[in-house]
Amino acid sequence: MSDMTLDISLTINGEPVAERVEARTTLVDFLRDGLGLTGSHVGCEHGVCGACTMRVNGEIVRGCLMLAVQCDGATVETIEGLSDSGEVADLQLAFEQRNALQCGFCTPGMVATAQDLLKRVVMPSRAEIREHISGNYCRCTGYHAIVDAVEAVAKQRSSSSFRGAAEGREPGIQMLSHASLDSGSGAARRPGMTGDK
Ligand code: FES
Ligand code: FES
C-alpha cells in the first residue's frame with residue numbers, strides 16, 4: 001500500500017496543530033498515536049461501538065471512520081478538551097456518583113454523546129437518552145445507570161437555566177459546582193474519565 005503523506009493544519013482542543021500524516025491514517029489513530037491524546041478509545045474500528053466518539057466542527061463523529069486528512073482546516077474536540085474546559089464536568093461527576101462506569105472504556109465516547117444530546121434537547125426523556133446513546137456500546141453497566149446520570153444532569157442544567165433566567169443571566173449559562181469546575185482534580189481527572197488507556 002502507498003505511504004503517501006500529506007500536510008494538514010487543524011485546531012485540536014483549541015490549539016493549532018500542523019502535522020504531516022499518512023493519507024490512510026484515521027483521525028483517532030492520529031490523535032492517539034501521533035499526538036498522545038488517548039482519551040478517545042479504539043474498539044471496533046468499524047463505526048459500531050462509539051468508543052472513538054469526538055467532535056469535529058461541532059458535530060460528533062466516529063474517529064475511526066474519518067481520515068486525519070479529512071480534518072484539514074477543521075476544529076476537533078476530544079474528551080480531553082471537553083474535560084479541560086469544564087464543559088462536561090457535571091456529566092463526569094454524575095457518571096461517577098451514579099456508578100455509570102465500571103471499566104471506563106466506553107465512558108469518553110458516552111460522555112461526548114450525552115453532551116451532544118444535552119446541547120440539542122434541554123430535557124430529553126429517558127427514551128430519547130437511550131436512543132441517542134444507542135450507538136455507544138457499554139459492556140459493563142447495563143446502561144441503566146448511564147441513563148440515570150444523563151437524566152440527572154439534564155434536570156440539573158434545566159433548573160440552572162431556569163434559575164439563571166429568573167436572575168437575569170443569559171439563558172443556557174450553566175451553574176456548575178465549584179468541585180465540578182475544578183478540571184484539574186476529582187471527576188474531571190479521574191482515570192477512565194478522560195481515558196488514559
Ligand atoms: S472504534 Fe470507532 S466506532 Fe468503534
Ligand atoms: S464501563 Fe466498561 S464498557 Fe462501559
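**Where two helices meet**

Modeller: Happy to! Leu-91, Gln-92 and Phe-95 of helix H3 are in contact with Thr-107, Val-111, Ala-114 and Gln-115 of helix H4. Sorted by type, the residues of this contact are four nonpolar, three polar and no charged. Please keep in mind that this is a predicted model.

Now to the geometry. Two packed helices are described by the angle between their axes and the distance between the axes. Here H3 covers residues 89-97 and H4 covers residues 107-120; their axes come within 10 Å and cross at roughly 125°. An angle over 145 degrees would count as roughly antiparallel, and 65 to 115 as roughly perpendicular, so H3 is oblique to H4. The crossing in which H3 passes H4 is right-handed.

H4 lies across strand E3 (53-56) and strand E4, and runs at about 50° to E3. Both strands belong to an open sheet of five strands with mixed pairing, in the order E2-E1-E5-E3-E4. Strand E4 (59-62) stands at one edge and strand E2 (15-22) at the other; each has a single partner strand, so one side of each is left without a neighbour in the sheet. On average, neighbouring strands of the sheet are turned by 40° against each other, direction ignored.

Terms used: Residues numbered from 1 in each chain as written. Chains lettered and ligands numbered in written order. Predicted model: local features only at pLDDT ≥ 70, side-chain atom pairs only at ≥ 80, totals over all residues. Axes fitted to C-alpha atoms, helices over the stretch in contact; angles between N-to-C directions. Helix = DSSP H or I, 4+ residues; strand = E, 2+ residues; numbered from the N terminus. Parallel < 35°, antiparallel > 145°, perpendicular 65-115°, else oblique. Left-handed = near helix turned anticlockwise from the far one by under 90°. Contact = placed C-beta atoms within 7 Å. Nonpolar A, V, L, I, M, F, W, Y, C, P; charged D, E, K, R; others polar. Pairing = 2+ DSSP bridges.
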